[in-house]
Amino acid sequence: MPIYRAPVEDFRFLIHEFLEVEKHRDLPGFEDLSPDLIDDILVNGGKFCEEVLQPLNQSGDEEGCHFENGVVRTPKGFNQAYKAYSEAGWGGLGGPTEFGGAGMPVLMTMALSEMGMAANQSLAMYPMLTAGAYGALIATGADWMKKNIVPKMVSGEWAGTMCLTEPGAGTDLRLMKTRAVEQPDGTYRMTGTKIFISGGDQDLTDNIIHMVIAKIPDEKGQTHDDLSTVNFFMVPKVLVGEDGKMGARNGVTTGGIEHKMGIKGQATCVLNFDNAIAWRLGPKPTPPKPGEKRSSSAGMAGMFGMMNAARLGVGVQSIGLGEVAYQNGLAYAHERRVGRALTGPKEPDKPADLEIVHPDVKRMLLQARSAVEGLRALACWTTLQMAIGKSSRPEAESAAMLADLMTPIIKAFGTDLGFEATNLAMQCYGGHGYIRDNGVEQFVRDSRINQIYEGANGVQAMDLVGRKLGHKGGAAPIALFTLLTGWLTENEKDEALAPYFKGVKRGVETLQAATMWLAQHGLQNPNDAGAGAYDYMRLMGITMLAFLWARMAKLSLGKDDPLHKDKLMCARYWMERMVPECPMLLERVQAGSATVMQLN
Ligand SMILES: Cc1cc2nc3c(=O)[nH]c(=O)nc-3n(C[C@H](O)[C@H](O)[C@H](O)COP(=O)(O)OP(=O)(O)OC[C@H]3O[C@@H](n4cnc5c(N)ncnc54)[C@H](O)[C@@H]3O)c2cc1C
């Protein structure tokens, strides 16, 4: 069975040394974040994931979910583990205290989430989705929902989902057909089919609160193929009165579950809404004026908030899977005897040396590790920017923009690198990784979906280039380059840092050139922006990680303990092996779209 040790030491390094969280106790949610509390969450959360979630990962994959007589059953052991998770309060870690949660900031919920995903992505997704749903309900719901529904979700008694996708509408939500018609009492009746809904049904909780988007028909009873009438709704599986009491089953039924490549313990459901009672969330929509085309509606704001949190969460899923895969690849390379070291036998008395002696094996493992630890640093740093963004500090606005800019990077670059890490770890096992017994191929299968859902990675790249770069006159890239060039100016004379400094400089210069090129060409020819978006996103990801690795290297220089020495090793690897991709990526961006567009 695969092993997993929660990376508590690395989180301690990132939280205390790298982010210097003690200096940020003024931020919202950080007030009570004492070193003891941080340790308590990391150590006990990590232990829970290692001891309760991880042992069910392989069996959950083997058994999968069942759908019998309209009812979904999760794999053996999931129910008890989910209840233990909820009873220990982990599901409410980030929930506001007034609703029974622990009120911890995203920095800590993200750390717990990464460990849960590494241990058992299928199982850890149920509470993750619930946290996203209760966050949206707190942001947009009526008082009675906050009073009587949110606490039940925070405690884990009830779960939540996010229902966007339909058979004809995944990326392109304009095409959705589900409709909600207003009733005299102010509620709505919803009809339509949602597909691929994670945790859409399960046997873990008594009730499920679905957060659904649907169109409200105009006065002629028609819906349109745009987003102007899309709104955000709460649709409970079992009806809930304003007093919080459960009533009859609502008109939401499960049409079936999907049979998938990975995350088999996670129930991915078809949900049919047949005149289901729905409550609209957020502001009441005003109908578009004649001839008016809207690209969004006020009602979608709540959904976007939930989706942004989920995109960070999906990136973190891949960091977790990359970590657990790396740990197993490394362990295997220390057990397996194969060949001899290129410079002569390391253990001449043994029939062969350990696999770890081979440079190519070390390369694969270092690629996985520097990616995972670099991405973890990026995720932690981004959650800090999110918190600063919500504060009254003078830098709040630029911090919020940086966090926003990094969201598609963590989602798409993070899931690409996380998937690559699982694949490299499997490679370390040779054929023994491809067969099921060792459990490492499951990591590859499980992590693959992270590149697709929550907006396919190519769509994230388009969001970065098409929306985020130009928004408010390019304020976000300006904030990013101010940060990066400021660091370069501060550190240009530090000789000990020179090898790392060079890498950051190279990344920043190529990223600036690519940004300029897209600004000049993308507006004239949108296909140029579209064709270069993916390479641009990777270029920004590599540069950001170079910047963070250089900062971690600076903290590690002159320190002789294994953690800091390893940080220097990974930082060097990133500068030597990943940063050289930057000029290549720039060249690809500058190649434009002419050739790409030739494909019919
Ligand atoms: C296991 C699983 C769980 C899921 N969980 C949920 C859930 O809980 N809730 C939910 O609502 N949905 C969920 N989904 C749905 C998921 O978010 C969608 O599958 C995803 O957004 C892509 O939509 P689609 O499958 O319709 O692909 P399409 O929209 O048809 O896109 C196909 C491909 O075309 C490309 N593409 C499309 N548009 C563009 C564009 N504008 N620019 C560039 N390339 C583009 C992309 O490469 C994309 O992968 C889940 C899916 C799966 C498989």
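**A buried lysine and its surroundings**

Author: Let us begin with K567, which lies in helix α17 (residues 562-578); helices (H or I, at least four residues) and strands (E, at least two) are DSSP runs, numbered from the N terminus. Before going on, please note that this is a predicted model, in which local features need pLDDT of at least 70 and side-chain atom pairs count only at pLDDT 80 or more, while totals for chains, interfaces and linings use all residues. Residues are numbered from 1 along each chain as its sequence is written, and side-chain values use heavy atoms, with hydrogens and water left out.

K567 counts as buried because its relative accessibility is 1%; buried means under 20% relative accessible area, exposed over 50% and partly exposed in between, with a 1.4 Å probe and protein chains only. What surrounds this lysine? Apart from neighbours within four places in sequence, K567 is in contact with D10, F13, E373, W549, M552 and S556, where contact means heavy atoms within 4.5 Å.

From there we can turn to the rings. The whole structure holds six aromatic pairs; rings of Phe, Tyr and Trp (its six-membered ring) pair if their centres lie within 6.5 Å, and planes under 30 degrees apart count as stacked, over 60 as edge-to-face and the rest as tilted. One of them is the stacked pair of Y332 and Y429, with 4.2 Å from centre to centre and 20 degrees between the planes. Y332 belongs to helix α8 (residues 301-333) and Y429 to the loop between α10 (396-428) and α11 (431-434), so this pair ties together parts that are 97 residues apart in sequence. Both Y332 and Y429 are buried.

The rings of W487 and F501 are stacked too, because their planes stand at 25 degrees, with the centres 6.2 Å apart. This pair links distant parts of the chain, 14 residues apart: W487 sits in helix α14 (residues 471-491) and F501 in helix α15 (residues 498-522). W487 has a relative accessible area of 8%, so it is buried, and F501 is buried as well, at 11%. Ring pairs also bring in F547, which forms a cluster with W487 and F501.

Another stop for your viewer is M176, in the loop between β3 (158-163) and β4 (179-182). With a relative accessible area of 1%, M176 is buried. Its C-alpha atom is separated by 7.9 Å from that of T165, 11 residues away along the chain. Beyond its neighbours within four places in sequence, M176 touches several residues, including E166, K194, I213 and V230.

Helix α12 (residues 440-448) is mostly covered, as eight of its nine residues are buried. Among them are the charged side chains of E441, R445 and D446; Lys and Arg count as positive and Asp and Glu as negative, with His and the chain ends not counted. The buried residues of α12 pack against α3 (57-63), α5 (106-140), α8, α10 and α11.

Now for the backbone. Most residues other than glycine have a negative phi. N69, however, has a positive phi near 50 degrees, and its place is in the loop between β1 (66-68) and β2 (71-73). N69 counts as exposed, at 80% relative accessibility. I263 is not a glycine either, and its phi is positive, at about 30 degrees. This isoleucine lies in the loop between β10 (252-257) and β11 (268-281) and, at 4% relative accessibility, counts as buried.

Finally, let us step back to the whole. The protein has 18 helices and 11 strands. Its radius of gyration is 24 Å, close to the 25 Å that the globule rule gives for 600 residues, so the protein is as compact as a globular protein of that length; the radius is taken over C-alpha atoms, and the rule is 2.2 Å times the number of residues to the power 0.38. The C-alpha trace spans about 80 × 55 × 55 Å along the principal axes. Of the 600 residues, 56% count as buried. Residues 24 or more positions apart account for 74% of the contacts with a separation of 6 or more.
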